[in-house]
Amino acid sequence: MAKKSKPNDRTRSVINDKPARYADQEVMIGTAGEVHQTAAGDVPVLTTQQGIPVSDDQNSLKIGARGPTALEDFHFREKIFHFDHERIPERVVHARGFGAHGYFENYESLADITKADLFQRPKEKTPLFVRFSTVAGNKGSPDLARDVRGFAVKIYTKQGNWDIVGNNIPVFFIQDAIKFPDIIHAAKQEPDRGFPQAQTAHDNFWDFISLTPESMHMVMWIMSDRAIPRSFRFMEGFGVHTFRLVNAEGKSTFVKFHWKPKLGLQSVVWNEAVKINGADPDFHRRDLWDAIKMGDYPEWELGLQLFDDSFAEKFDFDVLDATKFIPEEEVPVRRVGRLVLDRCVDNFFAETEQVAFCTQNIVPGIDFSNDPLLQGRNFSYLDTQLKRLGSPNFTHIPINAPKCPFASFQQDGHMALINPKGRVNYEPNSWGGEAGGPRESPEQGFRSYPAEEQGAKLRVRSETFADHYSQARQFYKSQTETEQNHLANALVFELSKVETPAIRGRMVAHLLNIDENLAKQVADGLGLKEMPKPADAARPTQDLKPSPTLSIHLNGPKSFKGRKVGALLTDGVDKSLIESLKSALDGEGALLEIIAPKVGGVQASDGSWIEAKQKIDGGPSVLYDAVALLPSEEGAKLLAKEPAARDFVADAFAHMKFIGHTAAAAILFEKAGIAENRDEGFIALKGKDDCSAFVAACRQVRFWKRRVN
Ligand code: HDE
């Protein structure tokens, strides 16, 4: 409560001591009716950054109530000055991201293959931070852009920070880091017009791609449903490059890192992605936030593909070529631990925005390979952090600081927060003991694997990188028919946005080297008048064995756990039915979200009130994995008049979702134009058993047999 002020106190804008009431809020009102909330009791006093208490945060200091603002208003100046400087440069790639805290738990000692401290002791937990991202879009772009997802993990080990800065796709567009600015320039908005944003469906991208045959394998992945994941929780992560693990005896083993989601793989369909971007552009970040806040902690297993020089020698492709992967059928993935995300950030800027991943951050027991992409990245990340965070002291920011003891003689610079005490800032020195500061440690210190390197200094690409189509074909052949169709449709969609016909033709010429049917399907979809000749290939396409682990559909979830049903209710809904549905979903570990004509909720058949989470037009069916239509007879008739309700039903059908429904929903099917098309994906809900059957059916996630697209 504000202190009593004299009505004629001209230095105060609250002249009336009687509070005003805004529904639940009691507030003080100023001379122009503005709201003043004042400190009292456990509500702290607002101060400037210098700690000076602020008397009025609603009005700047003026010469007379209608006069000019005084320059001496230090509170105003400080507030605006700080606001003006709130933004730091967004990441030049992966600008849009979302992070969370968690831990890595090691299953067993891996001392035989690596001396990395975090892998030594079974069951040991090591804290970490993960940031998921899209690549091409700017910070405010929608989550469901067709794009690669970043999967960057910073592990705070007892021997320093180890960053695995990976993606959700195991290969990359280019083979040499020198091409990175080109691929990114081509993918991002075109420089003259500043659009299109967060999409590759434009001339520059496909122009560059069509002149970069090494990217064809990656193109298969980004045109597949991998590029439109249902959420971060349902996607894989990959370290992409070949790395080394080095044990205490100095023996090196090559390794590829994998993150395997416990909930299985799942993607949305393209038409859904387009609509989700409008309905909830934060769909992925909200999903992660909600899951963690509800205690449904997302989990991935760390998998290692381990191989030696002799495998590298005999493998069909160069293990240093990041446009190639090693099929799991050839080198199995050994699962060695789990990553659990169990804590949301306290502050998005401090943690998610300021986290600075660097591929160069490796710990003793891990080492690089000569992959030219990785070598280039090792320069880029440190450099970019300086630009973004503005100081070489970005490692002092809590999210970036190691959680183990650290000591160096690096000093000063902008925003130095961790400053050593004492006299010494160099070594060698003769001060000794604590006064002499830290010294090198031949035993514990990081030592590079002494790989033998020799050769002429050349600006060339290794000929072992020359096969551009075989693995692209292998990827395509490993997809189910539905997935192959999605891939072809995606290519047709993207290339239809390309305005230059020659680029479309060039792409089809490359597709001919991957799969003739795919090329024909795309050419047909584009209405290409003449089939081009296959692009001249540096190496002929090999027919490799399909790798079933590449298909999302063949590696889908085993349960409906972690998924969400949207239930559309009206007044008069059968209370016991909704309760049965809720308990069936609870049993599965899945969620129920109530959608109603008004967010206030509906009155159930027994007179009780059920609150809604969404108003019908704010909760379209694209936001759910399956839907339940539970209107009363009367309610269904009213819903049938609402375009949003008709779309809800028509989209659920078109997106091959399972549809649980009461008999009263029939009028909705009719109005949505799908009354004739009812199939086994429609499950009538009358009682408890039907609800269990519905949830059991939902384990397939979608009713693919519907084949609407
Ligand atoms: Fe990155 N990449 N990248 N990248 N990358 C960045 O670093 C770069 C590449 C990846 O959530 C930047 O902090 C080059 C492959 C992720 O903060 C920058 C090359 C893979 C993230 C950069 C690559 C990645 C980045 C921009 C070609 C998968 C986001 C902001 C050699 C293995 C990390 C930043 C986060 C971010 C450079 C290629 C993954 C500019 C030069 C391959 C997940 O340094």
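Which residue in S5 is the bridge partner of phenylalanine 98? Select phenylalanine 132, the bridge partner of phenylalanine 98 in S5.

This is a predicted model, in which local features need pLDDT of at least 70, side-chain atom pairs count only at pLDDT 80 or more, and totals for chains, interfaces and linings use all residues. Residues are numbered from 1 along each chain as its sequence is written, and side-chain values use heavy atoms, with hydrogens and water left out.

**Stop 1**

Helices (H or I, at least four residues) and strands (E, at least two) are DSSP runs, numbered from the N terminus. Select strand S4 (residues 97-106) and S5; 9 bridges join them, and they run antiparallel. Two strands pair if DSSP finds at least two bridges between them. Phenylalanine 132 has phenylalanine 151 as its bridge partner in S6. Strand S5 (residues 125-134) is mostly covered, with 8 of its 10 residues buried; buried means under 20% relative accessible area, exposed over 50%, and partly exposed in between (1.4 Å probe, protein chains only).

**Stop 1: the ligand**

Zoom in on the iron atom of the ligand: its only protein donor is Tyr381, through OH at 1.8 Å. Donors are N, O and S atoms within 2.8 Å of the metal (3.2 Å for Na, K and Ca); water is not among the atoms, so sites may look incomplete. Tyrosine 381 is part of helix H9 (residues 372-389).

Then show the polar contacts (pairs of N or O atoms within 3.5 Å; within protein, one must be able to donate a hydrogen and the other to accept it, and residues adjacent in sequence count only if both atoms are side-chain atoms). Oxygen atoms of the ligand lie 2.6 Å from a polar side-chain atom of arginine 131 and 3.0 Å from a polar side-chain atom of serine 380. For histidine 94, an N or O atom in the side chain is 3.4 Å from a nitrogen atom of the ligand.

**Stop 2: glutamine 175**

Go to the loop between S7 and H2 and select glutamine 175. Is this residue buried or exposed? Glutamine 175 counts as buried because its relative accessibility is 1%. Its side chain makes a polar contact of 3.4 Å with the side chain of threonine 323. A polar atom of the glutamine 175 side chain also lies 3.0 Å from the backbone oxygen of phenylalanine 465. Not counting residues up to four places away in sequence, glutamine 175 touches residues including Glu214, Asp321, Pro372, Arg461 and His468, where contact means heavy atoms within 4.5 Å.

**Stop 3: helix H3**

Finish at helix H3 (residues 203-210), where 6 of the 8 residues are buried. Select Asp203, Phe205, Trp206, Phe208, Ile209 and Ser210 to show them. These buried residues pack against helix H2 (180-187), helix H4 (216-223), helix H11 (481-496) and helix H12 (501-514).
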